[in-house]
Amino acid sequence: MRQDPRGRLTLAFVKASPEAQLRLLELADLDAELNRLAHRRRTLPELAELSQLDERAAKVRDAITIADTNLADLDRELARAEKDVEQVRVRIDRDNKKLDAGSVSNARELESLQSEVTSLRRRQSDLEEVVLDLMERREAAQTLRDGADGEATAVGADVAAVTARRDASLTEIGEAEAKAAGARGGVVRGMPADLLTLYDKVRAQSGGLGAAPLRRGQCLGCRVQLSTVALNEIRAAAPDEVLRCEERRRILIRPPDSGL
Ligand SMILES: [Zn+2]
């Protein structure tokens with residue numbers, strides 16, 4: 001290939017019949033369709049939705065872990081407080097039995113026993129307050145846990161619904177891709193290998209579009225008006241010359257309606 005200054009036409013080494021060159025336009029249409037499908041596959045809205053749902057599910061799992069830890073802590077505290085209440089109750093019973101039995105006759109001993117019962121009753125009342133408070137906190141913790149459970153169920157249902165939508169879209173895209181790939185195979189069959197190699201190389205270098213038609217002096221791939229010099233060279237070029245556009249080096253096809 002000649003390295004021409006900008007504004008001049010470049011001829012490729014490859015030569016191909018005008019018919020083979022025209023088929024490159026069909027190929028370019030199918031490749032554009034395949035590119036669109038691949039882009040759609042990568043940018044399905046369901047993918048973003050699923051990633052948001054993943055974040056939500058992780059938060060819910062954290063909330064459940066925290067709530068479970070909280071509940072276990074409260075259960076332990078509650079068991080301890082209930083045991084304390086029971087111990088105090090047992091001591092009060094024992095003291096009351098002694099008092100009822102009338103076995104304590106010494107006045108000082110009696111007074112001390114009565115004062116112990118009074119202070120134990122106060123202690124029992126305080127401990128029962130603690131138990132009630134813990135029970136209320138446990139109820140609140142259980143409500144949070146139940147809420148997290150409900151949220152987990154809701155997220156699971158959303159994930160299932162969005163996954164089903166994503167899979168339906170992927171199936172649809174896969175079918176369209178298979179159709180375009182089949183058509184591509186038909187277009188490529190029997191085309192000269194060197195022309196296809198050039199097309200693939202150009203396609204890789206020029207943003208996915210390997211060939212474009214010339215129409216009214218414009219490369220429809222780049223939407224760029226060709227220079228008069230280039231257009232004159234195109235008019236002079238043999239039909240089997242494979243032309244390249246000035247702008248992005250795309251293969252420039254001269255269809256019968258190019259308006260040259
Ligand atoms: Zn161009």
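Q: How close do the axes of helix 1 and helix 4 come, and at what angle do they cross?
A: The axes of helix 1 (residues 18–42) and helix 4 (residues 193–205) come within 11 Å and cross at roughly 40°. Helices here are DSSP runs (H or I, at least four residues), numbered from the N terminus. Axes are lines fitted to C-alpha atoms over the stretch in contact, with angles running from 0 to 180 degrees between N-to-C directions.

Q: Why is helix 1 called oblique to helix 4?
A: Under 35 degrees counts as roughly parallel, over 145 as roughly antiparallel, 65 to 115 as roughly perpendicular, and the rest as oblique. The angle is roughly 40°, so helix 1 is oblique to helix 4.

By the way, this is a predicted model: local features need pLDDT of at least 70, side-chain atom pairs count only at pLDDT 80 or more, and totals for chains, interfaces and linings use all residues. Residues are numbered from 1 along each chain as its sequence is written, and side-chain values use heavy atoms, leaving out hydrogens and water.

Q: What makes Ser-169 buried or exposed?
A: Buried means under 20% relative accessible area, exposed over 50%, and partly exposed in between (1.4 Å probe, protein chains only). Ser-169 has 12%, so Ser-169 is buried. Its place is in helix 3 (residues 107–188).

Q: Which residues does Ser-169 touch, leaving aside its neighbours within four places in sequence?
A: Ser-169 is in contact with Arg-40, Leu-44 and Glu-46, where contact means heavy atoms within 4.5 Å.

How values were computed
Helix = DSSP H or I, 4+ residues; strand = E, 2+ residues; numbered from the N terminus.
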